[in-house]
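Visitor: I would like to learn how to read a model of this kind. Please take me through it feature by feature.

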Amino acid sequence: MEDTKPQLLKVTIDGIDVEVEPGTTILQAARKIGPAVSPPAMCYYEPLKGSGGKCRACLVRVAAGSAKDPRPMPKLVASCLTAVQDGMVVENETNPQVIEARNGVVEFLLLNHPLDCPVCDQAGECDLQNFAFDHGKVTTRYEEDRRTFEKQDIGPYIQLHMTRCILCYRCVYTADQITNKRVHGVLGRGDASEIGTYIEKAIDNDFSGNVIDVCPVGALTDKTYRFKNRVWFSKPVDAHRNCPTCSGKVTLWYRGEEVIRVTARKNEWSEVTEFICNTCRFDTKKTSDWTIEGPTKISRSSVISANKYRADAIKPSFGQRLAAAEYKEIPDERDTSQLGIEPLPPERFAKTLPSAMAPEP
Amino acid sequence: MATKILTQYIDVPGIETFDVYRKQGGYTAVEKAIKTMTPEAIVEEVKKAGVRGRGGAGFPMGMKWSFLAKPEGVPRYLVCNADESEPGTFKDHYLMKNLPHLLIEGMIISSFALGANKSFIYVRGELMYVIRILEKAIAEAKAKGFLGKNILGSGYDLELIVQPGGGAYICGEETALLESLEGKRGNPRNKPPFPAVKGLYQCPTVVNNVESLATTSWIVNNGGDAYAAIGIGRSTGTKLISASGHINKPGVYEIDLGVPVEDFIYADEWCGGIRPGHKFKALVAGGSSVPILPANLALTLENGDKRLMTYESLSEGGFKTGTMLGSGGFIVFDETSCIVRNTWNFSRFYHHESCGQCSPCREGTGWMEKVLHRIEYGHGHQQDIDLLVDVASKIEGNTICPLGDAAAWPVASAIRHFRDEFQWHIDNPIEATQPGAVYRGEMALV
């Protein structure tokens, strides 16, 4: 029988082998292995063509270009755009140079990003917050004023906070690729560049709300939901309705009995699986409008899933892991029988560090 | 001693007109190329000549041409990069304004060699009068049958289009230039794919500097071997150097590659020495983005040999003790110039010109500029110097296009070679912020 399937390419990422189809990028190959070796991505968005390459968060080192030409690549490469070759060896978190570059990128992104997570609606589901948590420092070395922008009103549904923008261009690609007419874009140059509509104009089309979902930070937020809730207090539930304009498959965010927000469904990489229309997103917020499918599965470690659905999916924090690694039982030879204290059974220790003792998911 | 390949007839009155240029032997190379040579033969000659890209990167032009993909039924384009915006570089401007026909002749030959029927000259927007000169020259050449349909009866068509840019430095980067030429925002593209495969309108494209393209007519007339005989080693031919700064005779000079740096600065033929009563302190050899060198390292190599004006000799010793020939923007500083202020000025330029697409460059250039500004104006902290080195190292190599490197190198090299001066600014803020105050401590002046 003829081999009709394209030959799979073998790639090694952080010592783990994976076989992928030709044309796959390093980032996609890493995602195939799992979250532990996936480089962070602030601008790359799989559903959007042409996205990626801008934030430089996903830089990796290619230690061997391919089986044919095993020379390493001279510079760190953006894993979201570099296609894999057979026999490629990639170093992600195992290379200190990559970690250094990534720490640098976090620092650069946070230079002008306001540290207002406590009042930002995106907090809890913010890519930059997660990225900074993994790679950021506690203090900043930046002393100057952060840049600010003139406020722009872009319509009744979407709130633009330009100060929080990290210029990932995702919203521009979204408007280009899923709507007929893009009215916003990047104006200006360098660190003065901003998202805007040039002549202040409302972004008004059926799918405009999707820019809120694709925004990795709190630069584009839902005006109907602003300041109403913290994301970790709400419960996401999958639901659908018969919508004439879009697929109608959404996630409803409940607080108590009330639907306080509707968003598109996202996969484990916080990427929208199906874009939804504005009617579903902003105008249908009654439970009676929807057919409920069940609680949303949040597989990625997140504050949203904390203590709700899957305790095992919560990645132990660095501190917990460190504590687990360094934990040693101290031999206590004192005689406590006289004191009436029950000796603590060993499994109680384990219970205090449940996720930490468990092997990494 | 110096061979004049590009500037031989530059002083002839009226050389910018077709008739005078033709009288001096102009357009004979076009006749020779189109009538007697095949495109492959021209590419071969250019390869033999070993011309290295004159725009800054120094990539061999013949090699670039041979990488051009040639799929069937897809047009190919030649784009001339005349968006010369590197601080300290003004050679292309000089060449185009005085010898527009030399560029046009080179463009015709190169387009013929590459099989392009539509070629573009992307000129930076500030040079409106040069654009008018070029357009006039193109109209003249067209009227005489050297451009347009059926050139010299050979059946080869070529249309030459002059496109003014918007005046952005980043549009001198080849992929940003192509984006801008397509009418989009001038953001560099991610590479690969390289323009030779997917360039202008997703078609195979070659982007070359003005000076590189201008050499082709001489190469066609005299042969690639004759060109390769000039210069030293892999640095063949002549190079236009735009000399500026504290020298007696600033200007554009055509030199054979291989002239010692010392001769170039002190010989009367060229720069004519440092201005009277002053001493040579530092040199930026190839436009603002290359590493700055102190006088002693600029003139001699580590082993004591004289440093030569070649791609190899200038980069001898890596970035530790070397620099780059770059675009040939030769800036000389005497002891009255403050390196901190100069570095801040360069940094301000890169901050202003960063396109803002990728984060290290967008945020990092601004940060470096602010820290340098702080040091220059007497508010520096002790840790600022190390901070600058760290920021520069995090920008370098991590960006989409070379602008990030170009912004990081001057800062890193200035600190590498003039750290004392930065330290003096931080230690003596009051003294250092006096008008005209310059560090007078120990340094190698020549």
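**Domains and their contacts**

Guide: In chain A, the C-alpha centres of domain 2 and domain 3 lie 21 Å apart; domain bounds come from an automatic or database domain assignment. This is a predicted model, in which local features need pLDDT of at least 70 and side-chain atom pairs count only at pLDDT 80 or more, while totals for chains, interfaces and linings use all residues. Residues are numbered from 1 along each chain as its sequence is written, and chains are lettered from A and ligands numbered from 1 in the order in which they are written.

Visitor: How many residues does the contact take from domain 2 of chain A and from domain 3 of chain A?

Guide: Two residues are in contact if their C-beta atoms, placed from the backbone, lie within 7 Å. The contact takes 17 residues from domain 2 of chain A and 18 residues from domain 3 of chain A. On the domain 2 side, helix 5 (residues 210-214) of chain A gives the most, with three residues. Helices (H or I, at least four residues) and strands (E, at least two) are DSSP runs, numbered from the N terminus.

Visitor: How do the residues on that side of domain 2 of chain A divide by class?

Guide: The classes are set by residue type: Ala, Val, Leu, Ile, Met, Phe, Trp, Tyr, Cys and Pro count as nonpolar, Asp, Glu, Lys and Arg as charged, and the others, Gly among them, as polar. The side of domain 2 of chain A that touches domain 3 of chain A has six nonpolar, five polar and six charged residues.

Visitor: Into which domains is chain B divided?

Guide: Chain B has domain 1 (18-229), domain 2 (241-334) and domain 3 (339-432). The C-alpha centres of domain 1 of chain B and domain 3 of chain B lie 35 Å apart. Their contact takes ten residues from domain 1 of chain B and nine residues from domain 3 of chain B. The domain 1 side of it has six nonpolar, three polar and one charged residues.

Visitor: Which elements of chain B touch chain A?

Guide: Begin with the counts: 22 residues of chain B are in contact with 26 residues of chain A. The elements of chain B that give two or more residues to this side are helix 16 (339-353), helix 17 (359-376) and helix 18 (384-395). Helix 17 of chain B has the largest share, eight residues. By class, the chain B side divides into six nonpolar, eleven polar and five charged residues.

Visitor: What confidence values does the predictor give the complex?

Guide: The complex has an ipTM of 0.89 and a pTM of 0.88. For single residues the value is pLDDT, the predictor's confidence in each residue, from 0 to 100. Chain B has a mean pLDDT of 93, and 100% of its residues reach 70 or more.

Visitor: Which residues touch the most other members of the largest nonpolar core?

Guide: A nonpolar core is a set of buried Ala, Val, Leu, Ile, Met, Phe, Trp, Tyr and Cys residues joined through C-beta atoms within 7 Å. A residue is buried if 20 or more other C-beta atoms lie within 10 Å of its own, exposed if 12 or fewer, and partly exposed in between, with C-beta atoms placed from the backbone. The largest core has 216 residues, and B:Val79, B:Leu95 and B:Leu103 touch the most other members. Helix 19 (residues 403-427) of chain B gives the most to this core, with twelve residues. Beyond its neighbours within four places in sequence, B:Leu95 has contacts that include B:Leu6, B:Val210 and B:Leu240.

Visitor: What stands opposite B:Val79?

Guide: Two strands pair if DSSP finds at least two bridges between them. Strand 1 (residues 77-82) and strand 4 of chain B pair in the parallel sense over five bridges, and B:Val79 stands opposite B:Val207 in strand 4. Five of the five residues of strand 4 (residues 205-209) of chain B are buried. B:Thr205, B:Val207 and B:Asn209 point one way from this strand, and B:Val206 and B:Asn208 the other way.

Visitor: Is A:Phe227 buried or exposed?

Guide: A:Phe227 is exposed, with 8 other C-beta atoms within 10 Å. This residue has a positive phi of about 60 degrees although it is not a glycine.
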